[in-house]
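User: I'm new to this one. Can you walk me through the pockets and charged pairs?

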Amino acid sequence: MAQSHDWSCLTVICNRDTWFREDEVYGFFDQMTDDGFFDDFEQVIFFGAGPCGYAACAFSVASPGATVIALEPQATLDPRVTEWDDRFTHMRRTDFTERYGYAPDMLDGAKDTYVIYDPSDRLGAMHAALFERSGVTRFRARHLGGGMQLNLMEMGVIEDLVAAAAQGTLDTNLFAKMYRARRTHAPYCKKLFATVEQLDRPRLAEAACAYIAGHFGAPRYRRKLKALRQALATDTEDTADDGAKL
């Protein structure tokens, strides 16, 4: 993507999920700030997902005026703030109060920030709510929580998303248009079916299952569809019999 847009690309990688809470990382960004590294670029974009989404927000303070794109980021793992999040208890002794700590506060100098989250992911949505402030636009991507970056990549949305953010044209309407690609993305459709099935809405489940079977040709869902239609037919017959008895 950087090559196709003739952009420079700097990638910071960790070999495990550390949320980049290390003195060496702080020193790295301190050095770039002291050297005026980011001043050599007309535009700077910080991008990341999950723990890297947290880092994209937190370290964006090193480049005032940057654009930030964070997919399902955490705001902090400080248990005094997010004790309700029990997914990362092994990180609770890690200090999130030092420099580059509370991610939402680090966005005060950003030009634009876009946070994309799944409202059906309760804990992820609670983190996203902590980012609600001036200059931050939040987009809802239902049924993509946990692996959102991979799903958006497979949907062919990531490049257009970042390009629109760079151009300053990304808004709710444009994101909604991009997100229509989910209709041809099998993992999304399957998550939607699973959700509807749990709601005990047989006709909605039948419609979702028929869509999957028709568009993706999945044998498992064709069998499910047959069973759903048989169950609906039986319910209709039982209802008719009850009416006749009345």
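Analyst: First, a term: buried means under 20% relative accessible area, exposed means over 50%, and partly exposed is in between, with a 1.4 Å probe and protein chains only as cover. This is a predicted model, where local features need pLDDT of at least 70, side-chain atom pairs count only at pLDDT 80 or more, and totals for chains, interfaces and linings use all residues. Residues are numbered from 1 along each chain as its sequence is written, and side-chain values use heavy atoms, leaving out hydrogens and water.

User: Is R229 buried, partly exposed or exposed?

Analyst: R229 sits in helix α10 (residues 219–245); helices here are DSSP runs of H or I with at least four residues, strands are runs of E with at least two, and both are numbered from the N terminus. The relative accessible area of R229 is 44%, so R229 is partly exposed.

User: Which residue forms a salt bridge with R229?

Analyst: A salt bridge is a side-chain nitrogen of Lys or Arg within 4 Å of a carboxyl oxygen of Asp or Glu. For R229 the closest N and O atoms are 2.8 Å apart. The partner lies in helix α9 (residues 202–216), 23 residues apart from R229, and counts as buried at 18% relative accessibility. That partner is E206.

User: What does R99 pair with in a salt bridge?

Analyst: R99 is in the loop between α3 (79–82) and β3 (112–117), while its partner is in helix α1, 69 residues apart. The closest N and O atoms are 2.5 Å apart, and the partner is D30.

User: Which element gives the largest share of the lining of the largest pocket?

Analyst: A pocket is an open set of points on a 1 Å grid over the protein atoms alone, with protein on both sides within 12 Å along at least five of seven lines; lining residues have an atom within 4 Å of a point. The largest pocket is lined by 30 residues, with C9, L10, I45, F46 and F47 nearest its centre. Elements supplying at least two lining residues include α1 and α6 (158–167). The largest share, five residues, comes from β1.

User: What is the volume of the largest pocket?

Analyst: Grid points are joined across faces, edges and corners, and a volume is the space filled by probe spheres set on the points. For the largest pocket, that comes to about 1200 Å³.

Methods. 1 Å grid on protein atoms, 1.4 Å probe; cavity = no way out; pocket = protein on both sides within 12 Å on 5 of 7 lines; lining within 4 Å.
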